[in-house]
Amino acid sequence: MTNKIYTGLLMAVFMVFAPIVFAAGNADATSGATSNADATSGATSTEIQTSSSMPKMRGSEKFVAPQGVVRDASLLPREVLASAPDKEWAELPTVDSRIADCAFISHAAPDGRRSFSMLYDTVGMFAYWVAYPMHSSYTGTTKRTEAWGYDPKVPASCQPDMKKGIMPYHRGHQMPSADRTSDDTSNAQTFYFTNMTAQAGSLNSGQWAKLEAKVRDWMKDCDTLYIVTGAWPGQLTHPDNDGREMSVPAFYFKALAKRKGNDYATIAFKVDNEPRAPHFMEWKLSVAALESVTGFNFFPSIPISAKAAVDDSQW
């Protein structure tokens, strides 16, 4: 009888104090989760990164794109998408980690030289900008390879399928095929779908093509021409060959920095993605003005004074 009474008393004590112990343990676990959330929040805090860093993937937040379009952030791990080079190249804009869903991608020529880099939006399936150096060693006699295909550094699910046309738009290169004609590999890289956008046909084959040709002429007048070509998303989307919606740019831009010795001259262009466009020189603006429109810091190693105005005698 005594043992039964003793056992009963122990059970009563356990029933009284066990909920308190478990509640305290759960409170500690919750506290730990909060601490981890704070740590995660700190890791994704708003900051401007250098060009040698890749934008952070912010899977728990929403990104409000230009024009107020809201979309879920990508949950893909950033290392699956790309690896950032440990380089400070003159053509690279600084990367803002507030632009979610983006990956920094860089491609090299067969001889190991850098060819081009981009800030690629894995949700809208387009590049905000493609940056590259241009001088005579990148040009030659190679013809267009027409090697339309997926970029091996980005999952195919994050790229538009553009093996065939996307009427009424053209498959518009951001870095032109004609800017990489030294070898077949470099030219084939310009046909990666990450380098393509849905561009108004008459713009692509008209004044935009004339501007691209003029850029190659300007290259002949300097040591190196640094180029950033970009697209800005609007409200419109268009289906790719698989019926998946990709962003249609609202406008395009180019920023150029011409180096002669230690001197720089800069110019920028901005044009709406519409069929009819005026002569490309009417799109002209300063690099500083384009920075105000896009929020990107172009050619960060160049003095601000060289980006403030356009010297028409240089172009």
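The structure, a predicted model, holds 15 aromatic pairs. The exercises below examine some of these pairs and the sheet.

**Exercise 1.** Classify the ring pair F104 and W129, and state which parts of the chain the pair ties together.

*Solution.* A pair of aromatic rings is described by the distance of the centres and the angle of the planes. For F104 and W129, the centres are 6.2 Å apart and the planes stand at 65°. Planes over 60 degrees apart count as edge-to-face, so the F104 and W129 pair is edge-to-face. Next, locate the residues: F104 belongs to strand β5 (residues 102–108) and W129 to strand β7 (residues 126–134). The pair therefore ties together parts that are 25 residues apart in sequence. Finally, F104 and W129 are both buried.

**Exercise 2.** Classify the ring pair W208 and Y252, and determine whether each residue is buried or exposed.

*Solution.* The ring centres of W208 and Y252 lie 5.4 Å apart, with their planes at 50°, so this pair is tilted. The pair links distant parts of the chain, since W208 is in helix α5 (residues 207–219) and Y252 in strand β11 (residues 245–260), 44 residues apart. For the second part, the cut-off for buried is under 20% relative accessible area. W208 has a relative accessible area of 1% and is buried. Y252, at 2% relative accessibility, counts as buried.

**Exercise 3.** Identify the charged residues that sit over the rings of Y138 and F251.

*Solution.* Over the ring of Y138 sits the charged end of R113, 4.4 Å from the ring centre. Over the ring of F251 sits the charged end of K270, at 4.5 Å from the centre. F251 also belongs to an aromatic cluster, together with F126, Y128, W232, F253, F296 and F298.

**Exercise 4.** Describe the order and the edges of the open sheet of seven strands.

*Solution.* The strand order is β5-β6-β7-β10-β11-β12-β13, and the pairing is antiparallel. At the edges stand β5 and β13 (284–285); each has a single partner strand, so one side of each is left without a neighbour in the sheet. Within the sheet, strand β6 (residues 114–121) pairs with β7 over five bridges in the antiparallel sense. S117 has A131 in β7 as its bridge partner.

Key: Residues numbered from 1 in each chain as written. Predicted model: local features only at pLDDT ≥ 70, side-chain atom pairs only at ≥ 80, totals over all residues. Heavy atoms only, no water. Phe/Tyr/Trp six-rings, centres within 6.5 Å; stacked < 30°, edge-to-face > 60°. Helix = DSSP H or I, 4+ residues; strand = E, 2+ residues; numbered from the N terminus. Buried < 20%, exposed > 50% of the residue type's maximum accessible area, 1.4 Å probe, protein only. Lys NZ or Arg CZ within 6 Å of the ring centre and 35° of its normal. Pairing = 2+ DSSP bridges.
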